[in-house]
Amino acid sequence: MKVIRDPVHGYIELDQLVLSLIDTPQMQRLRRIQQLGLSNLVYPGANHTRFEHSLGVMHLATTLTSQLNSIEKDEKDEIRAAALLHDVGHGPLSHVTESIIKQYTRQRHEDVKPILKKGEIAEILDEHGLDPVTIADHIKGETSLGKIVNSEIDVDRMDYLVRDAHYTGVAFGLVDHARLIHEMQFYEDNLVVGLGGLKAAESLLVSRFLMHPSVYYHHVSRIAETMFTRAVQDLINKKTLDPFKLRQMEDARLFEMIRADEGYAGELGKRLDERRLYKRALHVGIDVVGENVLRYRGKVDRVENEIAEMVGIDSSEILIDIPKRPEIAEMKALIKVDGKMLRLDEASNIVATIENAHQDNWRMGVYTIKEHRESVRKAAQEFFDTKKGTKQFRLTDL
């Protein structure tokens, strides 16, 4: 048994199973994958990686399973391995490249079965009598025990909220995860939180609600990440980058390829390096642009082309960012009250209020270079018809 010092959780114990898995190339790669993508352009301290996050999730999973007597030792080993390995499927800059990877491979970062079934990880799991398929199912939350790692309120969320707040310096990630874990149990095959953990569950929801606009969807991060994904897509279009190899790459290697490009990708990479980011021409909520705008999330290039024609500039100088509608999965977490199970938003008026308020965090962005900011703003307002209550779009053939 070895012990390491973590800045968030203090001392974390590592047994032989965990030590062996940590030393695999797949886990070591996570040392070179940024946890928060390009958020360090906003928060200089946000340079933590998926590696330390994975250690933290494993630590919390170990703490939780140690208090659940209904779980056998081999099952506890499965959950600890699943918690440690849950992010080995992340591509460069974590969630930044996920949509591109999914577009070409139809796989999300939770789809780790192919990674666990071969190589060093498969050998180590076999040595400890663990089934990689079962562990992959745990990681996707497709088993009862897997809900510890992947569910409405899980150890993954507990760690990343506290860890991201720590490294960004944002004071919103205050979650009493120790109390929350102490109150968690399995009841009728569901992972539930006891009534004594209700306030801790509320704090998790409040924290995520506040972290969303301040960190995860900060406009500077969204602009930088949109620029980065366009650079990656440009490399793929020019066949400089194989999208099927993207998932195994590290941040530095992908940046290196972008910097080496002599075209559009290289130009965006230089802007990112020098922090000469595109500016907000339009940055509005769903109440301004209307629900219909969500239908164009996968077709923004055609919208960019039309707005560029209206202004008379190259479409490469316009980037449109239409996030998915914000969801709070934690609302469905189960609270055990007097032998009955209630959804968290049914048990807490605070949470029910947050559910409505969270929609206000959504923002659509139209970004451009500084010189065209005003003309693009006017064209985007005209295109999206932002002055009327009922939104009509010019691009009817999308």
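R108 sits in the loop between α5 (98-105) and α6 (113-116) and E98 in helix α5, so the pair ties together parts that are 10 residues apart in sequence. I took helices as DSSP runs of H or I with at least four residues, numbered from the N terminus.

I noted that this is a predicted model, in which local features need pLDDT of at least 70 and side-chain atom pairs count only at pLDDT 80 or more, while totals for chains, interfaces and linings use all residues. Residues are numbered from 1 along each chain as its sequence is written, and side-chain values use heavy atoms, with hydrogens and water left out.

I then checked accessibility (buried under 20% relative accessible area, exposed over 50%, partly exposed in between; 1.4 Å probe, protein chains only). E98 is buried at 9%, whereas R108 is partly exposed at 34%.

My next entry concerns E142 and K140, whose side chains meet in a salt bridge at 3.7 Å, N to O. E142 is exposed at 51%, and K140 is partly exposed at 34%.

I also looked up D234, which forms a salt bridge with K238 at 2.8 Å between the closest N and O atoms. D234 is buried at 13%; K238 is partly exposed at 39%.

Searching the whole structure, I recorded 26 salt bridges.

Terms used
Salt bridge = Lys/Arg side-chain N within 4 Å of Asp/Glu carboxyl O. Helix = DSSP H or I, 4+ residues; strand = E, 2+ residues; numbered from the N terminus.
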